[in-house]
Amino acid sequence: MNAVLHLDNVIRTHGQGATEVHALRGVSLSVASGELVAVMGPSGSGKSTLLNLAGGLDRPTAGEVTVAGTALGSLDGTGLARVRRNAVGYVFQDYNLIPALTAAENVSLPRELDGQRARDARADAVAALERVGLADLADRYPDDMSGGQQQRVAIARAIVGERRLVLADEPTGALDTETGEGVLRLLREICDNGAAGVLVTHEARHAAWADRVVYLRDGVVVDGDSGSTPDSLLGAEVLG
Ligand code: ADP
Ligand code: MG
């Protein structure tokens, strides 16, 4: 199996008794190198939970998550943190850049935290910024950049050091249409170059950049197991 990401019957339950919430009720999903999978579904259907489990930010109640051949359930906190820094890149709706750091410093931070020397980390950061078309802005601070530029910095941070899995949770939510399309084009390109990608989105137009769409409802995959193409969902009533 060549999947970079594999979820095997993953269950995630929050709370207990009367306040119990079944965020995911048994989800299985594989994403291969080169593949971009869109995850759609109404608010509260479990999309962010799925992404957090895929990236090792959260642990399943039952089932197994495997990233780049490593079963995350077998790792302690330190091992999990290492996978998060080395193998997984995250892109959030609100960028999550550190305002006191320049673009290059934001991108090199995960490399330095991973023990890389500052100069090598900087070189990797500049290379990643080049890939997103922002090499010129390496020394600029987030507050002096547009939203689209900040999201590109966040994408550079997500791919620095050849991360194999890129997870994006509504990455265009705060951007205008044209800038958003640019971000999706970039994600598509990153996957075409060998990463595995998961894109959570509300918009069928954005899901059209993906190879496959998985549709969640109440913590269950209701469509996508059988291989929905983005085109078959365009025009369908899939928007929550
Ligand atoms: P989505 O991203 O599709 O909007 P989420 O994955 O954020 O959905 O949430 C799925 C369900 O799990 C929702 O009912 C939400 O309220 C619940 N949930 C998510 N995180 C927590 C938590 N930390 N504690 C309790 N309930 C949670
Ligand atoms: Mg969400």
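I began with the ground rule that domain bounds come from an automatic or database domain assignment. I also noted that this is a predicted model.

**Entry 1: the two domains**

I looked up how the protein chain is divided. Domain 1 covers 1–87 + 167–240, while domain 2 covers 94–162. Taken over C-alpha atoms, their centres lie 24 Å apart. Twelve residues from domain 1 and 13 residues from domain 2 make the contact.

Next came the area. The size of an interface is often given as the accessible area lost when the parts come together. Here the two domains bury about 1,100 Å² between them, with 58% of it on carbon and sulfur atoms. On the domain 1 side, I found that R85, L186 and I190 lose the most area to domain 2, together 46% of what that side buries.

**Entry 2: polar links across the contact**

I counted one salt bridge between domain 1 and domain 2. I also looked up the D114 and R85 side chains, which meet in a salt bridge at 2.9 Å, N to O. Between the domains there are two residue pairs in polar contact.

Which helices each supply at least two residues of the side of domain 1 that touches domain 2? They are α2 (77–86) and α6 (177–192). The largest share, six residues, comes from α6. I sorted the residues of that side into six nonpolar, four polar and two charged.

**Entry 3: R188 and its partners**

R188 pairs with D192, the closest N and O atoms being 3.0 Å apart. Both lie in helix α6, four residues apart, about one turn of the helix. R188 counts as buried at 13% relative accessibility, whereas D192 counts as exposed at 54%.

R188 also meets D211 in a salt bridge (3.1 Å, N to O). D211 sits in the loop between α7 (204–207) and β9, and R188 is in helix α6, so this pair ties together parts that are 23 residues apart in sequence. I noted D211 as partly exposed, at 38% relative accessible area.

The structure holds nine salt bridges, and I picked out E35 with R212, whose closest N and O atoms are 3.0 Å apart. E35 is in the loop between β2 (21–32) and β3 (36–40), R212 is in strand β9 (residues 212–217), and 177 residues separate them. Buried or exposed, I asked of E35? E35 counts as buried at 17% relative accessibility, and R212 counts as buried at 18%.

**Entry 4: helix α1**

Last, I checked α1 (residues 47–54). Six of its eight residues are buried, so the helix is largely enclosed by the rest of the structure. Among them are L50, L51 and L53. Just after α1, G56 takes a positive phi of about 75 degrees.

Technical notes
Residues numbered from 1 in each chain as written. Chains lettered and ligands numbered in written order. Predicted model: local features only at pLDDT ≥ 70, side-chain atom pairs only at ≥ 80, totals over all residues. Heavy atoms only, no water. Contact = heavy atoms within 4.5 Å. Buried area = accessible area lost by both parts, 1.4 Å probe. Salt bridge = Lys/Arg side-chain N within 4 Å of Asp/Glu carboxyl O. Polar contact = N/O pair within 3.5 Å; in protein donor to acceptor, adjacent residues only side chain to side chain. Nonpolar A, V, L, I, M, F, W, Y, C, P; charged D, E, K, R; others polar. Buried < 20%, exposed > 50% of the residue type's maximum accessible area, 1.4 Å probe, protein only.
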